[in-house]
Amino acid sequence: MRKALFFLRHYNDIDHITPVITKWVESGNSCDVVLLKNTKLADDFRIQFLNMLKGVRIARLFEILPLHEFVGWQLQTILLNQRLRRSFFGAWINALTSIYDSKKRMRIWRAVSGRLLSRSFSDQAGGVVVFDWITRNSPICLEWVETIVAVAQSKGLGTVSLPHGDSPHISQLIRHGEWRLAPDDMYSAGRIFDKLVVPNALCATRFQPFMNDASLAILGSPRYCDEWLLRLKMIIPPSPLKKSDSRLKIVFFLRKDDFTIFWEEVGEVIFMIAAFPGTELIIKPHTRGGWRQSLTRDKSLLNLKNVHIAKENIHSTHLMDWADIMIDLATSVVYEAVKAGKPVLAADYLHAGRSTMAAYMPETELKCRDDVYHKIDIFLQKGCDSFYVEAHRQRFIREIIDGPNADVLSRYVAMLKE
């Protein structure tokens, strides 16, 4: 039996790493799961599912550490938060950082790292420490991750970085302030791990400039593989969405405001769709940062009788089960709908990038407002069957989701055992 220590910090990595943890323990291994962030994560249905599995021990970080260590860890994490350092308080925080330098911070980082590793591996000859993808912009401090990874490696433990998503853009310049086509050193942090895993070759291109081929593994998507999609249907809570008499039910998946999105036109499209008789539209803000999107606070939009904002307790899977079609601003969540054969419209003209879906399946792409109108009209008149060119869809599934074969989760377990 092998032992693993998994660190989870937000909705996305829980979503993508839970399938790996499940397969890991069902293959006869054991693990500790440490929740690093929001205490609400413990109420997530996937965490509750993991808690019932034999061989899984789950705890929140503040439950493990003495109070002074947890407070120190938390304060140092805030001090080095990149978003705060770019905010109104940036000058003050940078001044504090220069006073409370890396040597002083290292005492807390090492104490926390040593305590966590001793707790999980005190009676183990070896094991593996697992994070999700970590970048310089991660809310979990890179300096601490570098410390615990180095300490783990000095103890003979393996270190791995697993996917918390995919690459819904096939283009590179997609965020505000990105103006130069060159390797983005945001992803250089991947080289601190013994192995960094990506679902497909497209994701690998982010990390390849900073890593050697031996430390990069392309293993398929644990979140969207057939084995996990089947399990997900068994463990997800009942949907709070009621059946609708609407002729065409649509879900619109938004992205974080970090990305360059043409919000004025997004609003125009929503009003246009709402004007079609028989349509019903639910807008799904991004799970992180959705509160920053002014669109979801637009009173004129909220007054439309057939347009709704998805509540927090409604999962994306519920929405895709409810909907007839999806409109997407380049997220990977709709890959689940592609697997199910449900139509997804890639609204590429609403953002600055080129989506992976549109590149693989041109029939999904919306290039202008006329395209939106024609697609909605056709769906209302003829229904939603026979939307995809099946050869395109199968290539997308093979190259972006499944990899060499559909046995994705077994590949992840074999890699962790190595």
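The text below describes a predicted model, beginning with the sheets.

**The seven-stranded sheet**

Seven strands form an open sheet with parallel pairing, in the order S3-S2-S1-S4-S5-S6-S7. Its edges are strand S3 (56-60) and strand S7 (216-218), each of which pairs on one side only. From one strand to the next, the twist averages 20°. Within this sheet, S1 and strand S4 (residues 128-132) pair in the parallel sense over three bridges, and Ala4 stands opposite Val128 in S4.

H1 lies across S1, S2, S3, S4 and strand S5 (158-162). Helix H8 (residues 142-154) packs on the sheet and touches S1, S4 and S5. Their angles are listed in the table further down.

**The five-stranded sheet**

Another open sheet has five strands in the order S10-S9-S8-S11-S12, and its pairing is parallel. Strand S10 (307-309) and strand S12 (344-346) are the edge strands, each pairing on one side only. Neighbouring strands of this sheet are turned by 20° against each other on average, direction ignored. Strand S11 (residues 325-328) pairs with S12 in the parallel sense over three bridges; Asp328 stands opposite Ala346 in S12.

Helix H16 (residues 369-382) lies across strand S8 (248-253), strand S9 (279-284), S11 and S12.

**Helix directions against strands**

| Helix | Reference strand | Angle |
|---|---|---|
| H1 | S1 | about 165° |
| H8 | S4 | about 160° |
| H16 | S8 | about 145° |

In soluble globular proteins, nonpolar side chains tend to be buried together. In this model the largest nonpolar core has 61 residues, of which Phe252, Val266, Ile270, Met326, Met357, Ile376 and Phe396 touch the most other members. Helix H11 (residues 263-274) supplies the largest share of this core, seven residues. A second, separate core of 38 residues includes Val25, Leu41, Tyr412 and Leu416.

The surroundings of Met326 can be given in detail. Leaving aside residues up to four places away in sequence, Met326 touches Val251, Phe253, Met320, Val334, Ala337, Lys342, Pro343, Val344 and Leu345.

Is Lys3 buried or exposed? Lys3 lies in strand S1 (residues 3-8) and counts as buried because its relative accessible area, 10%, is under the 20% cut-off. A polar contact of 3.5 Å joins the side chain of Lys3 to that of Asp32. With residues up to four places away in sequence not counted, the residues that Lys3 touches are Trp24, Ser30, Cys31, Asp32, Arg57, Ser120, Phe121, Gln124, Gly127 and Val128.

Where does Gly28 lie? Gly28 is in the loop between helix H1 (11-26) and strand S2 (30-35). With a relative accessible area of 43%, Gly28 falls between the 20% and 50% cut-offs and is therefore partly exposed. Gly28 and Arg2 are 26 residues apart in sequence, and their C-alpha atoms are 8.0 Å apart in space.

How values were computed:
Residues are numbered from 1 along each chain as its sequence is written. This is a predicted model: local features need pLDDT of at least 70, side-chain atom pairs count only at pLDDT 80 or more; totals for chains, interfaces and linings use all residues. Side-chain values use heavy atoms; hydrogens and water are left out. Helices (H or I, at least four residues) and strands (E, at least two) are DSSP runs, numbered from the N terminus. Buried means under 20% relative accessible area, exposed over 50%, partly exposed in between (1.4 Å probe, protein chains only). Two strands pair if DSSP finds at least two bridges between them. Axes are lines fitted to C-alpha atoms, for helices over the stretch in contact, and angles run from 0 to 180 degrees between N-to-C directions. Contact means heavy atoms within 4.5 Å. A polar contact is a pair of N or O atoms within 3.5 Å; within protein, one must be able to donate a hydrogen and the other to accept it, and residues adjacent in sequence count only if both atoms are side-chain atoms. A nonpolar core is a set of buried Ala, Val, Leu, Ile, Met, Phe, Trp, Tyr and Cys residues joined through side-chain atoms within 4.5 Å.
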